[in-house]
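Subject: Structure handover

Hello,

Here is the structure I said I would pass on. My notes on it follow below.

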Amino acid sequence: MPEQNEVTNEGEPRRVARLIRLKEVQHRVGLGRSTIYRWMSEGKFPKPVQIGGYIVAWPEEVIDEWVNRLAEVRRLG
């Protein structure tokens, strides 16, 4: 099984991106499918990457950053 962390030429660890599907994205952000796709079209939510045919997924790191950014905006008011 591949390692989650690889080493770059510079000797620094490089994290391998994990892709998550819509159901997990919905669970993590607490939004429904329609809202996610509407917000994507409005530029309020990150767009997924196409991984084959009609299959899309989001890099886990992108969703985590979006959630953290939203929490920070709400915290600051």
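A residue is called buried here when its relative accessible area is under 20%, exposed when that area is over 50%, and partly exposed in between. On that basis, buried residues make up 22% of the 77 residues in the protein. Please keep in mind that this is a predicted model.

Overall layout. The protein has three helices and five strands, and from the N terminus on the elements run β-β-β-α-α-β-β-α. The accessible surface comes to about 6,200 Å², and 51% of this belongs to carbon and sulfur atoms. Among contacts with a separation of 6 or more, 37% are accounted for by residues 24 or more positions apart.

Strand β4 (residues 49-52) pairs with strand β5 (residues 55-59) in the antiparallel sense, over three bridges. One of the residues involved is Q50, whose bridge partner in β5 is V56.

The aromatic residues. The structure holds three aromatic pairs. W39 and W66 make a tilted pair, because their ring centres are 6.3 Å apart and their planes stand at 50°. W39 lies in helix α2 (residues 33-41) and W66 in helix α3 (residues 60-76), so this pair ties together parts that are 27 residues apart in sequence. How accessible are W39 and W66? W39 has a relative accessible area of 21% and is therefore partly exposed, while W66, at 9%, counts as buried.

A further pair, F45 with W58, is edge-to-face, with 6.5 Å centre to centre and 70° between the planes. This pair links distant parts of the chain: F45 sits in the loop between α2 and β4, W58 sits in strand β5, and they are 13 residues apart. Both F45 and W58 are buried. Taken together, W39, F45, W58 and W66 form one aromatic cluster.

The surface patch. Which residues form a nonpolar patch on the surface? They are L19, V49, I51 and I55, with about 300 Å² of accessible area together. L19 is placed in strand β3 (residues 19-20).

Regards

Note on methods. Residues numbered from 1 in each chain as written. Predicted model: local features only at pLDDT ≥ 70, side-chain atom pairs only at ≥ 80, totals over all residues. Heavy atoms only, no water. Patch = residues over 30% accessible without salt bridge, like charges linked within 9 Å, V, L, I, M, F, W, Y side chains within 5 Å. Areas by Shrake-Rupley, 256 points an atom, 1.4 Å probe, with all protein chains shown as cover. Salt bridge = Lys/Arg side-chain N within 4 Å of Asp/Glu carboxyl O. Helix = DSSP H or I, 4+ residues; strand = E, 2+ residues; numbered from the N terminus. Pairing = 2+ DSSP bridges. Phe/Tyr/Trp six-rings, centres within 6.5 Å; stacked < 30°, edge-to-face > 60°. Buried < 20%, exposed > 50% of the residue type's maximum accessible area, 1.4 Å probe, protein only. Contact = heavy atoms within 4.5 Å.
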